[in-house]
Each structure stands twice: as structure tokens, then as C-alpha cells.
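This briefing covers salt bridges and strand pairing in the structure shown below. Please read it alongside the sequence and the coordinates.

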Amino acid sequence: PPGFVESSCRSRVFWMKLNKLLLQGKFFQLEINDPYAGSILLDEKLASRCGYVLSEDVWGNPVFRASVLGCHVANEADELFSLTVNIKVSSFSSMRAAVTYTYPMYCSYSSWASREIVCEENYMEVSVKTDVPAVSNDYTVAWMSALPETQNVAYQLWQLMFVSPSGSKRITVSDAAKLGYSFNNTLSRVYLRAPYHSNESDISMVSGVNMNMVTSTSMYRQRWLLLLIDTTVSCPVDGISFTDTTLTWTVPSVIPTLVVQESTFVSKSILMGVDGRVIVNPKERKYSLEHNETHIGITIPIGAEGGKLKSSISGGVYGVIYSIDLFLEHTWTDADWQTTKYIVIKSITTPFMPQIPTVINNTVPEERLFNVAFGHFLPDVSLVAIAIGNVPFTLREARHHGFKIYETPFSNRTKGFILEVAFDNQYVLKEYVNRNETKYTLLINYTISVGPEMTLYYHSAEVECVIADIEIPEAVGYCDEENLYLAIPTFGLYQYWNLYHNNKLLNRHVALANGYLAATNSTHLILQIPLFAVGVIYEEVSFQNIQARFDVALRKMRTMETLRMFSVTCNFNSSAFIICHPDGTVMVSAQMKTVPAIDMGKTKLRDSSCKPQEYNKEHAFFKFHVTTCGTSVKFEGDHIVYENEISYEKETLSGQSLPKITRDPDYRLTVLCYYRAKETLVLGAFASDPSTSPSFGSGMMVPRSNTAVYRRIRRALNVVSRVSKDESFVEFYEPNMAILKRPVESVFLEVELKDESPDAELYLENCWVTRTLDFNSTPRWNITEDG
């Protein structure tokens with residue numbers, strides 16, 4: 001078919017290339033078509049003996065090469081050469097039903113040198129002109145060893161003498177053929193073809209390069225003629241070195257076994273080629289061809305034009321292999337040989353070079369779109385599947401789920417794959433971080449197909465992007481005559497944050513238990529807090545005015561970090577109220593409407609010395625502590641109840657006789673404060689400042705008449721405290737003894753409740769010391785907190 005076969009004649013070698021695209025899914029064989037012997041199947045043994053090479057070029061196309069002096073080549077006067085090849089193609093490995101294409105090749109070559117040497121991949125070949133005296137004037141070891149044998153050379157029969165470190169061996173041409181050699185003569189030349197590493201060969205190092213050498217003499221005798229021809233051949237078997245970026249091929253400039261008189265050696269020309277074609281200006285392709293007295297060096301950048309980079313997988317690692325087909329032609333003269341043309345054909349492949357793919361994050365946060373590049377890959381790599389967030393997708397499925405995937409070219413003829421995923425895609429992981437930021441995480445697992453073998457390779461990546469896209473809510477506070485209100489945006493609430501009040505989670509259950517009302521609409525949570533509800537802070541309390549505040553903390557759900565405090569503060573006018581502070585301070589604004597009116601300035605508590613701080617015609621304002629002013633205490637269930645009474649002493653009008661006359665009504669007002677027993681102190685030793693502490697107890701005022709006065713018994717608890725000298729609590733300081741302690745030293749305090757009542761329990765919360773016995777004395781120093 002057209003384009004199936006390409007052939008040429010290069011440096012006295014037939015070159016034929018088959019198009020691999022037309023052989024896909026098929027099998028082929030080559031046969032050498034001899035006009036006399038018929039078709040001969042090409043195999044490995046035949047190839048090395050007959051001067052054939054069957055291999056592939058770096059692109060995977062089958063390549064056949066043949067020496068013009070090879071077997072079955074038609075030779076016309078050592079100038080015109082022809083060779084016919086049968087190409088058999090079949091769809092079956094057994095080659096049945098094969099189609100045969102007969103392909104003739106022609107080569108014209110007349111510029112023969114006195115000696116020509118070809119170093120092919122699988123054989124070495126030397127040819128010598130026979131009309132030139134072949135015997136050197138210098139009697140080398142090889143020649144001297146051959147001379148005695150000439151007496152035994154049969155008439156009119158070629159024989160070969162091999163000299164190796166193990167000795168010399170003289171054999172006939174037919175015996176040499178059995179050993180894999182090929183010897184023959186043409187009209188004007190004699191040639192010897194030898195396989196590498198035969199028994200008669202030897203390895204020697206020349207200028208750091210190992211050379212495979214066959215030292216031989218071809219002999220022919222007639223009665224009037226004795227012809228001795230030096231058919232020694234030597235070819236390099238290594239000389240390849242690599243770096244991460246280049247490969248270097250080194251060949252000796254002078255090979256001693258081929259140049260006997262080195263002083264007469266003159267290098268005439270050095271040519272290099274790629275794929276059989278001479279490169280006139282190597283520098284244009286960034287090749288380097290250098291030579292000196294000892295070496296010829298060719299350096300090729302990895303990936304340079306003319307070679308091929310191929311993707312590969314080794315041990316689960318992605319990498320590349322670079323291959324290039326080089327040849328070197330060195331022409332020189334010396335005294336023994338007029339001209340020697342030395343040709344080396346070398347196919348070079350680098351070792352596996354790992355190329356770990358890179359993941360490049362090109363994401364622009366403002367676009368809220370991940371843009372991730374994955375590369376660099378050669379053209380023989382394709383993306384076949386992808387997993388996002390550990391969920392696998394084919395490329396078609398991925399695009400259906402909103403992922404955008406496409407190829408993009410990179411430098412050095414490589415390519416990559418671009419993946420675009422929106423931040424809001426369901427397979428992107430989202431995590432609330434810092435104060436107002438979200439961390440978006442894209443977990444990717446790429447599956448790529450590598451090379452014609454379609455080997456699968458997997459590569460995982462994790463790409464993160466943190467952006468400040470969360471707005472911390474701002475609350476709005478307002479009040480009416482009886483309530484405080486907080487309107488809090490619900491976006492992110494209970495997703496990122498929780499509301500806390502006094503270090504307690506503020507949920508619907510807590511709100512209901514504390515008397516708050518919580519309502520939500522599409523955008524806000526509305527908290528309604530009654531003025532005298534638990535948790536309200538009374539910043540200022542005066543005769544008929546209350547400045548109240550309610551605080552709510554916005555905290556991160558995971559770390560409990562407080563991000564913002566929401567507060568509402570309002571002033572209220574209240575004619576009657578009772579406020580029970582957690583430190584035991586009670587504030588009462590009492591309204592007494594009597595007929596006739598009484599003098600509010602003469603009202604008092606049980607302790608008659610406890611008078612109102614402020615008053616007018618109808619109101620009196622009292623402030624006292626639960627441990628003073630005759631306040632009594634009792635337990636009711638899980639509450640402690642403190643009780644006092646506001647009363648008015650009647651004025652007695654003076655008269656001449658009994659009975660006494662009064663003009664004031666009888667009036668009593670009972671004041672009650674309720675505290676949870678497990679959340680306060682029995683003794684009333686409180687450390688909090690009532691102006692900044694939240695209301696802790698609930699209060700009640702009950703008006704009573706003299707005839708209905710309910711008398712309560714005041715209860716005294718027997719509590720003793722001592723300070724121990726150390727942590728053993730064995731020795732204690734004496735009472736009223738001065739104790740000197742540094743601020744960082746521990747104080748070992750023992751508090752004992754000696755009350756035998758089963759209803760009495762002791763809870764120690766905060767302890768402090770002051771200079772006086774007054775609870776409100778300042779300064780003061782904390783001994784324990786949150787006991």
C-alpha cells in the first residue's frame with residue numbers, strides 16, 4: 001500500500017522502514033528473496049552472519065538494514081547492488097492467510113576505501129581491496145604467527161587465521177561459517193563478517209572504551225602466489241554515558257589494532273548522523289561533535305530533535321526514556337592503509353529517568369474556582385479518569401458533575417491537564433477556620449494512561465485555598481418598657497458558631513428555662529429577655545431607674561473561641577422592683593400606697609438601723625446584703641431563700657389619757673430572694689462586684705398586715721475555717737495570727753461545716769482577703785476562684 005515502505009541507500013547500507021500505522025493489529029515476517037535459492041526466512045542467526053539488522057527506530061517503525069556485501073545481494077562490478085525482500089503480513093500469529101509484498105532495493109556505491117569497517121548492532125564487517133599489497137613492512141605478532149602456517153595453506157582455497165589470547169586457530173571458510181563468520185570475495189574485495197563476542201574475539205580497552213576485536217588474517221595460495229590479507233576488525237561495545245540532561249557517545253580516535261604505525265595516522269574527516277542521515281551542521285540541532293587525539297565525542301541533549309522521548313512507568317513511578325539512532329563515520333589514512341573508512345551505527349536508549357509530575361495551583365480566590373494544572377507529560381500520555389474527594393469519575397462523568405477538564409500545551413513539547421472545580425461544588429471539602437475564613441480543599445486522584453502499552457499511573461494531590469468569605473454577624477439590640485431584645489443574623493449560626501451566655505450554651509431549652517423568648521424568621525434570631533430575667537446585668541440601680549445589660553457571646557463551635565460579644569443596654573423606669581445579686585446584695589424599690597400616706601423615710605428593715613437610701617412620698621429604695629439587716633435564711637427544695645421585711649413604725653400621738661391614738665396604717669412588705677443551693681454560697685462570702693455581675697437570684701415582694709405576719713426563724717450555720725501550714729493539713733496557724741505569704745505561694749485553706757442538719761451542704765466557690773471585715777472592702781486579694 002502507499003506509504004507502507006520507505007527505503008534508501010546510506011553509507012553502503014540498504015535501509016528499509018515499514019510504517020507501523022499500517023501494521024497495527026497485524027503480524028509480519030521478512031524473507032530474503034534469492035533468485036537462485038528462493039525465499040529465505042530472516043532470523044537472528046542468519047542476520048548476524050549475513051549482514052542484516054531487523055530492529056525498530058525510535059518511533060516504533062520496523063527497520064531493516066543490510067550491508068551491500070551481505071548474503072544474497074546481487075553485485076555488479078562492486079558498484080551496483082540490489083536486494084529483494086518479501087514482506088509477509090497476516091492477521092494471525094501463525095502467519096496463515098498472509099499477504100506477501102515483494103520489495104526490491106537498489107544501491108549504488110563506488111567510492112570504496114582501501115579498507116572499510118562497519119560496526120553494526122549485531123555484527124562487525126571489514127572489507128579490503130585485494131589489488132593492494134596487504135602485508136605490512138612491520139612484522140607484527142599477528143603476521144609473524146601466520147607466516148609458518150602459510151606452508152600448509154591448501155592451493156586455491158581461502159583459509160582464515162585467528163589470533164586470540166588463547167592462541168591461534170587456522171580454519172577453512174566453510175568451518176568459519178559454522179562458527180557464525182562470513183567470508184567471501186568480490187571482484188576486487190575480500191570481506192570478513194564476524195559476530196560480537198565470538199570465541200575468537202577479545203575485549204580490550206582503548207582510551208577508556210571497551211572494544212570487541214577479532215584479529216584475523218585471510219590467506220590464499222596458488223603456485224605462483226601467496227596472498228595474505230589483514231582482516232582484523234575492532235568495534236566499540238560501550239562508551240555511552242548519561243547525565244540528567246545529556247547523553248554522550250565516545251569512540252576512540254585511534255584504535256591500535258587497526259593502526260599499526262600510529263605516527264603515520266592522519267584523521268581526514270569525521271561525520272555524524274541520525275537515523276542514517278548525515279547531519280551537516282550538528283550545532284543547529286544543539287548536538288555537539290568534538291574530537292581530539294584520543295577521543296571522538298558526540299553529545300546529545302535529552303529530548304533533542306531526531307530522537308524520541310517515551311513515557312514509561314517503573315516501580316509505580318512515572319518517567320521518560322530517550323532513544324536516538326546515531327552513526328559515526330571516521331575516515332583516516334596511515335602508512336599501512338591508504339584510506340580507512342570506519343562506520344559505527346549505534347542505537348542508544350537512556351536509562352529510566354523519573355519525572356515526578358507536578359501539580360500547579362493557579363487558583364484565583366476571587367473567582368471562587370480551583371484551577372489546577374497537572375504536568376508535564378509527553379504526547380503519549382492521556383488522562384482517562386479522575387477522582388474528586390475520593391469519588392471516582394470517568395472524564396465524561398466528571399464533566400457532567402460540573403468539572404472542567406482540558407489539555408494545555410507546555411514548553412519543551414510537553415503537555416498538561418487543567419482541572420477547574422467551583423469552590424461550592426459538593427465534592428469540595430469545606431472547613432471553617434480562623435475568625436471569618438473558609439478553607440476549601442480539593443482532593444484529586446489522577447489516572448493517566450502511559451505509552452502505547454496503556455500502562456495506568458495514579459497520582460494524588462491536595463490543593464487548598466483559604467479565603468475570608470464568612471461575615472461575622474452583627475447583632476442589633478433594642479428595648480421596650482419591660483424587655484431587652486437582641487436580633488442576631490442566623491447565617492452561619494449553629495453551623496460555624498454557637499451562642500453562649502455566662503459560659504453556658506444558649507439553646508432553646510436554656511432560653512425557656514430562664515424565661516427568654518426566642519423566635520426566628522428567614523434572616524434573624526430574635527431573643528426577648530425580660531428585665532428581671534436570670535442573667536440580666538444591672539449596671540446601675542437607683543431609686544426609680546435601672547440600667548440593665550444582657551450579653552451573649554458568639555463562639556466558634558470547635559474551639560470555643562469568643563469571636564464577638566453581643567450586648568444590649570437600656571434604661572428602665574420601674575416603680576417597684578427587687579434585684580437579688582449573686583454576691584448576696586439585694587436592691588429593693590418598694591412602692592407603698594397607703595391611706596393615709598406614710599412617711600417613707602421612716603420605713604426600715606428588720607434591723608431598724610437599715611433605713612432606705614432614697615425615698616419619696618410613695619417609694620423607698622433599700623440596698624442590703626443577705627447576711628445583714630436581720631435577713632433570715634431557709635432551704636426550700638434545691639433553693640436557698642433569704643427573707644427580710646420592710647415595715648413602718650407607727651407614730652403615737654401624745655394624749656392625756658389612754659388609749660393612745662395613731663394616725664398611720666399598719667404596713668409590712670416581705671422581701672424574698674431565691675438562690676439555687678448548688679450555685680451560691682451559704683455564708684454570703686461573695687467576690688463579685690454587684691455593678692458588673694449578672695443577676696443570680698430571683699426576688700419577690702409580699703405585702704403583709706400585722707395580723708397576718710408569718711414569723712420565720714433565722715438559721716445560723718456553724719462553719720469553721722483554718723489555714724494549714726502545709727499540704728498535709730496536720731499543723732494549723734493559730735486564730736487571729738498574722739500569716740505572711742508571697743503572691744505566688746499556695747495557701748492551704750480548710751473550711752468545715754459543723755452543722756448536723758441533713759439539709760445543710762457546703763459549697764466553696766470564691767475566697768478572698770481584705771483589710772477589714774466588710775465584704776465590700778477594697779482592695780481585696782483572691783485566694784481561690786471557681787472552687
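Arg12 and Glu125 are both buried, where buried means under 20% relative accessible area, exposed over 50%, and partly exposed in between (1.4 Å probe, protein chains only). The two residues form a salt bridge in which the closest N and O atoms are 2.8 Å apart; a salt bridge is a side-chain nitrogen of Lys or Arg within 4 Å of a carboxyl oxygen of Asp or Glu. This pair links distant parts of the chain, 113 residues apart: Arg12 sits in the loop between strand 1 (5-10) and strand 2 (13-18), and Glu125 sits in strand 11 (residues 124-129). Helices (H or I, at least four residues) and strands (E, at least two) are DSSP runs, numbered from the N terminus.

The model is predicted: local features need pLDDT of at least 70 and side-chain atom pairs count only at pLDDT 80 or more, while totals for chains, interfaces and linings use all residues. Residues are numbered from 1 along each chain as its sequence is written, and side-chain values use heavy atoms, with hydrogens and water left out.

**Salt bridges**

- Side chains of opposite charge can pair when their charged atoms come close.
- Across the whole structure, the search finds 26 salt bridges.
- Arg549 forms a salt bridge with Glu539, with 2.3 Å between the closest N and O atoms. The pair ties together parts that are 10 residues apart in sequence, because Arg549 belongs to strand 46 (residues 545-556) and Glu539 to strand 45 (residues 537-541).
- Arg549 is buried at a relative accessible area of 18%, whereas Glu539 is partly exposed at 24%.
- Glu750 forms a salt bridge with Arg722, and their closest N and O atoms are 2.8 Å apart. Glu750 lies in strand 60 (residues 748-753) and Arg722 in strand 59 (residues 719-724), so parts that are 28 residues apart in sequence are tied together by the pair.
- Glu750 is partly exposed, with a relative accessible area of 22%, and Arg722 is partly exposed, with a value of 37%.
- A network of salt bridges links Glu6, Lys17, Asp57, Asp275 and Arg277.

- Four strands form an open sheet in the order 30-31-35-34, with antiparallel pairing; two strands pair if DSSP finds at least two bridges between them.
- Strand 30 (358-361) and strand 34 (404-409) stand at the edges with a single partner strand each, so one side of each has no neighbour in the sheet.
- On average, neighbouring strands of this sheet are turned by 25° against each other, direction ignored. Axes are lines fitted to C-alpha atoms, for helices over the stretch in contact, and angles run from 0 to 180 degrees between N-to-C directions.
- Strand 34 and strand 35 (residues 415-422) run antiparallel and are joined by six bridges. Glu407 has Phe417 in strand 35 as its bridge partner.

**Strand 49 and its partners**

- Strand 49 (residues 585-591) is largely enclosed by the rest of the structure, because six of its seven residues are buried.
- Strand 48 (residues 577-580) pairs with strand 49 in the antiparallel sense over four bridges, and the bridge partner of Ile579 in strand 49 is Met587.
- The hairpin of strand 48 and strand 49 has four residues between the strands, and Gly584 takes a positive phi near 90° in this hairpin.
- Strand 52 (residues 619-625) runs antiparallel to strand 49 and is joined to strand 49 by seven bridges. Ala590 has Ala620 in strand 52 as its bridge partner.
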